[in-house]
Amino acid sequence: MRHRPRRLKNANAEAAQFRLRAALGFAAVLLGLAGLAGWYFKLQVLDHADYATRSEANRIKPRPVVPGRGLIYDRKGRLLADNVPAYRLDVVLDEAGDGKRLIASLSRIIALSPDEIARFEDERKASRGFRAITLKLRVSDEEAARFAVDRWRYPGVELVPYLSRVYPYGDLFAHVIGYVARIDQKDLDTLGQASTPFTHAGKTGLERYYESALRGEPGFQRIETNVDGRALRTLGTVPATPGADLRLSVDLDLQRAMVAAFGELEGSAVAIDPRTGEILAMVSLPAYDPNLFVNGISHADFDRLNTNPSRPQFNRLVLGGVAPGSTIKPLTALAGLDSGLRTPSDRVLSTGMFRLPGMRGRGWGDSHRGGHGWTDLRKSIADSVNTYYYRLALDLGVERYDRYMAKYGFGHPTGIDLMGEIDGIVPSPESKLKYGKERWYPGDLVNSAIGQGLWKVTPLQLARGTAALADQGILRRPHLVAAQRNGFGAPWQAVPQPAAVRISDDPRHVRAVQEGMEMTVNGPGGTARMIAIGAPYRMAGKTGTAQVVNRSTYAVDPKSLPMHRRHRALFIGYAPAEAPTIAVAVAVEGGGYGAATAAPIARKVFDAWLTGKMPEADPDAIDVSPVVPGATPAPATTALRRDAGDAARRATPGAANRPAASTAPPIATAASPLAAGAASSPRPPAPAPR
Amino acid sequence: MNPILRWLLDLLARFTRTLDPWLCAALAGLMLVGLAVLYSAGNESRGLVLAQGARYGLGCAAMWALSRTSPLRLRNASPLVFAASLLPLVLVLFIGTGRHGQHWINLGVFYFQPSEVLKLSLPMMLAWYLNRQPLPPRLLTVLAAAGMIALPFGLILLQPDFGTGMLVAASGVFALFLAGLSWWWFVAAVGGVAAAAPAAWFWMLRPYQKDRILTFLDPETDPLGTGWNIIQSKIAIGAGGMTGKGWGQGTQSHLDYLPEHTTDFIFAVLSEEFGWVGVAVVLGLYLFVIGRCLWIASEARDGFSRLLAGTLGLSMFVYVIVNGGMISGLLPVVGVPMPLLSYGGTYSVALLAGLGMVMAVRPQKHGR
């Protein structure tokens, strides 16, 4: 600076320059603030609608209001499926902190099973932190009390009240009502996203079939929430529609009687009111305790159910197909009459051996080695004369025969209000090719005529056909739910049923078959005549034996097989014969001949329904006492009927609850057609010799 | 007229003689709006309003005191004030506290933010220095001034506090601009920043600062993370509409969707509750305050006064444009408060004190 002369300040010029720069600066400020105001104008005025919507979406969250599930009553108004208040333990991870430590310290006051912990861990990984995860459903009162004391230790852990499903009669209605369980992805896929608010969904039985009616419609509360999702106030409510209550046609007492009538046997039975199609009782044994599933079944219980060879979870009534055996004969006879090929008095000579015309070799037998002699329609039913039906089926031909069988309700579902009912199979060249991978021989028709071979019918289909015979040939849809009401105060409304179908044009034809069935029980040679002893009413029926034959059982000692794979004893019947109010089908697994085991069960059911007399078995031993609400459904409540059966055996030693097989002399003749050459072997009837 | 009344009025006039009525009116308006919005944003908390009111009181006292100081004294004190203000700035690096660095010194009674003082002392220093040099500034002058700016700027960046550092540096640049800095410097500066930006990105910026910039570029990429603030703030502003949801009715702030709604994002609360009308009124008040400062500067009699008042006035613009732009997604998120609206002590007092200095250089009308 020294070498350069100091430039003098020019005050006026500097002031002028400052003014210029200040003016420029102000212009820039003006421009900047105007630009900012313009930008805010765009946000606030031009794009206002968009941001206003997002602001509302921010703060207002719809919260579902879950309605109470509909209740299920029996025909006399007794509660079969109830909701009880229960507590579940919910955890909000964001507030609860370290999950592992939480579990460790919680399990000191609340019993947590490894299953529950594993499930919690899975959900923890998949879920956002601020959503509540259910750690344990159904916390016991004691645990709840313990938790309440220590609650301050567990931020983010909450006891949430909810309604838990309880089946007071345990396994008694397992295969009728089914059960609900925690909803899963599969349920959401099939039931739709509308189910999202629900914690439980029907899995099987009526709970599943009537899921949408039972669960009701969830309502919504519009909740103002802050950024943490905490609800601050309710802005409005769309009330939930409570689930519809169902009233079944099933009768609790008859259901109990039916289970008791089986004693320790396995199998299934169904009783229908032939006048309406209403199902009065329906059991598939062994059963299981549906309460086990409601709040998550333990691995141990699940394994026990799954490894039981008798398959307690398998509903034999609608899923289990068997050959109808001789119980198909009354309907085959009806087909003969309706087709005009037979009159009730037409007679056929039974010689004990039947051969296809023009063929030699082994033939088809009658149950009497020497034959039954001249046989008309009534006798053919009462005495179960095979030859009569061999002949008849050949005269009808397979196509016409199948047409009649389809008309009588076989080969397609009955339409009962349960899920997954099978079609069944009526033997035909097509079905044999499809299921047996073999071509059709004329002898197959002979087998079919007596209900053996490729047949597959459900006990329900048999009961339905029987009901039709009992009610002048009118085929109805069997159904479990008689009425429905939308809310507690609402009136019961009958569930509409499809129109009944008349399967026979001539009442005299049906009457003739009915007479044959009455003679089965009441006639001198009737196959089930021992069940009529002491009955104050008149019954009609038909016995049968279904051979369970396939490659795996072909050469095996039948006694080594599980019961459900041995031959089934069948009985169909109705009572009172003059004006039937109940029709039944009974299938006893491994029961030998129908007359020996199945028919006595039917008699006990008739007794219970018509005279109110309960079977002699001690009802307590079969554990149909209501489950105490509030108690955790534990293995202790005898989930499996197997256990109950054991108890029954212990409680009533001897023959008290044994089927009549041991008390009544086995006069009844087998309805099973035994191939002449293999009278005592379990071989199937040989295919027609060529 | 009643002599006592006359005497009282006379006394009042004597006390308020140095205050600029126009500026005072505009500032009072801003402070009232600020307290009203704060009351709503703080969930109707009276304590928050009282605390902020006390700070305004303190700031107004400082403003009043400084307005009575003669420009000559201010000028003479400038180098000393500047040197003294650098001391706590160094100190804060060692004993400071803060969320993202060492920003505050705990004085027991309150937290003191040394960098705020630089917003006053640096303009003073530059005005003092530039006034001694012939203007427009020569190269050497500019370099010396740049050194004076760089020293506190560097210290503040070390804390690190980019927002305040930028405000301080901006005030220095305004001083040079008003002093008549050649336009070539601005051209060169823009080029230099463009060249330095990549380097700054890779070596200088902290991860949280990079996050802010990335989020600014596209807030929707991380709607629940760093983008949340901007998205929620824009929702609050946009939901306000033309006339707003009404005082105390802003859901974004009351339900905590809007972050930092009493400090950096308070203008979004104002936007939500008072709409564009409220925004325009407040921006108009700011424009008036800045314009008035520049007017006073232009009327001032000496170079120091001109430069000081002009620089302080323009500095306010940076606050407004950076804060207003940041919360509406125009600019990256930088921790800059909205003058006299955002809750905060040191900056409010510093701001009002600065305006006091502006009033001090106002040419006094003689007589009464």
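## Polar pairs between the chains

Between chain A and chain B, 13 residue pairs are in polar contact, with both residues at pLDDT 80 or more; a polar contact is a pair of N or O atoms within 3.5 Å, where within protein one atom must be able to donate a hydrogen and the other to accept it, and where residues adjacent in sequence count only if both atoms are side-chain atoms. Salt bridges between chain A and chain B number 0, a salt bridge being a side-chain nitrogen of Lys or Arg within 4 Å of a carboxyl oxygen of Asp or Glu.

This is a predicted model, in which local features need pLDDT of at least 70 and side-chain atom pairs count only at pLDDT 80 or more, while totals for chains, interfaces and linings use all residues. Residues are numbered from 1 along each chain as its sequence is written, chains are lettered from A and ligands numbered from 1 in the order in which they are written, and side-chain values use heavy atoms, with hydrogens and water left out.

## The contact and its area

The contact, meaning heavy atoms within 4.5 Å, draws 43 residues from chain A and 60 residues from chain B. About 4500 Å² is buried between the two chains, 65% of it on carbon and sulfur atoms; buried area is the accessible area (1.4 Å probe) that two parts lose on being put together, summed over both. On the side of chain A, the residues that lose the most area to chain B are A:Phe18, A:Arg21 and A:Gln44, together 17% of what that side buries.

The elements α1 (11-46), α2 (48-59) and β8 (219-225) of chain A each supply at least two residues of the side that touches chain B, and α1(A) gives the most, with 24 residues. Helices (H or I, at least four residues) and strands (E, at least two) are DSSP runs, numbered from the N terminus.

## Two cis peptide bonds

The peptide bond from A:Leu285 to A:Pro286 is cis, with omega near 0°, and A:Pro286 lies in the loop between β12 (279-285) and α12 (291-294) of chain A. Another cis peptide bond joins A:Ala575 and A:Pro576, with omega about -15°; here A:Pro576 belongs to the loop between β22 (568-575) and β23 (582-589) of chain A.

## A positive phi

A:Ser384, a residue other than glycine, has a positive phi near 55°, and A:Ser384 is placed in the loop between α15 (377-382) and α16 (386-396) of chain A.
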